[in-house]
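This briefing concerns a single protein chain. The points below are grouped by topic and are meant to be read alongside the model.

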Amino acid sequence: MPPDLNRDQAAPRGLDARPALLATIGFVIAVVATPPGSWRILGLLALGFIFMIARAGVEPGTIFVRWLGLLFAVAFFAGTAAVV
């Protein structure tokens with residue numbers, strides 16, 4: 001168990017992960033399928049994502065620290081896409 005979670009914050013072990021996986025895949029498909037220039041739709045999707053994070057009780061700092069591990073890859077792909 002990660003050190004930033006105690007037993008009260010950890011996810012229950014008996015829950016099925018399929019609904020969360022399907023919801024995540026559906027969210028990613030919705031974001032990717034959004035037409036270019038549809039900033040209001042993307043903003044609504046971002047608000048929904050933020051709401052779900054807040055509802056889950058995860059601290060934003062924890063998510064940011066974990067995202068820093070992917071920062072290099074994201075910057076590399078963004079730079080590659082900008083050059084092309």
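Thr 34 is found in the loop between H1 and H2. The model is predicted, so local features need pLDDT of at least 70 and side-chain atom pairs count only at pLDDT 80 or more, whereas totals for chains, interfaces and linings use all residues. Residues are numbered from 1 along each chain as its sequence is written, and side-chain values use heavy atoms, with hydrogens and water left out.

**Overall architecture**

- The protein chain holds four helices and zero strands; helices (H or I, at least four residues) and strands (E, at least two) are DSSP runs, numbered from the N terminus.
- Read from the N terminus on, the elements follow the order α-α-α-α.
- Of the 84 residues of the protein chain, 2% count as buried, where buried means under 20% relative accessible area, exposed over 50%, and partly exposed in between (1.4 Å probe, protein chains only).

- Leaving aside neighbours within four places in sequence, Thr 34 is in contact (heavy atoms within 4.5 Å) with Ile 41, Leu 42 and Leu 45.
- Ser 38 lies in the loop between helix H1 (18-33) and helix H2 (39-56).
- Ser 38 counts as buried because its relative accessibility is 18%.
- The side chain of Ser 38 reaches the backbone oxygen of Pro 35 at 3.2 Å. This falls under the heading of polar contacts: a pair of N or O atoms within 3.5 Å, of which, within protein, one must be able to donate a hydrogen and the other to accept it, while residues adjacent in sequence count only if both atoms are side-chain atoms.

**Packing of H1 against H2**

- Two packed helices are described by the angle between their axes and the distance between the axes.
- H1 and H2 pack at an angle of about 160 degrees, and their axes are 10 Å apart; axes are lines fitted to C-alpha atoms, for helices over the stretch in contact, and angles run from 0 to 180 degrees between N-to-C directions.
- H1 and H2 are therefore roughly antiparallel to each other (angles over 145 degrees; under 35 is roughly parallel, 65 to 115 roughly perpendicular and the rest oblique).
- On the H1 side the contact is made by Phe 27, Ala 30 and Val 31, and on the H2 side by Leu 42, Leu 45 and Phe 49.

**Aromatic pairs**

- The count comes to two aromatic pairs, with rings of Phe, Tyr and Trp (its six-membered ring) pairing if their centres lie within 6.5 Å; planes under 30 degrees apart count as stacked, over 60 as edge-to-face and the rest as tilted.
- The rings of Phe 27 and Phe 49 are stacked, because their centres are 5.6 Å apart and their planes lie at 20 degrees.
- Phe 27 lies in helix H1 and Phe 49 in helix H2, so this pair ties together parts that are 22 residues apart in sequence.
- Phe 27 is partly exposed, with a relative accessible area of 30%, and Phe 49 counts as partly exposed at 43% relative accessibility.
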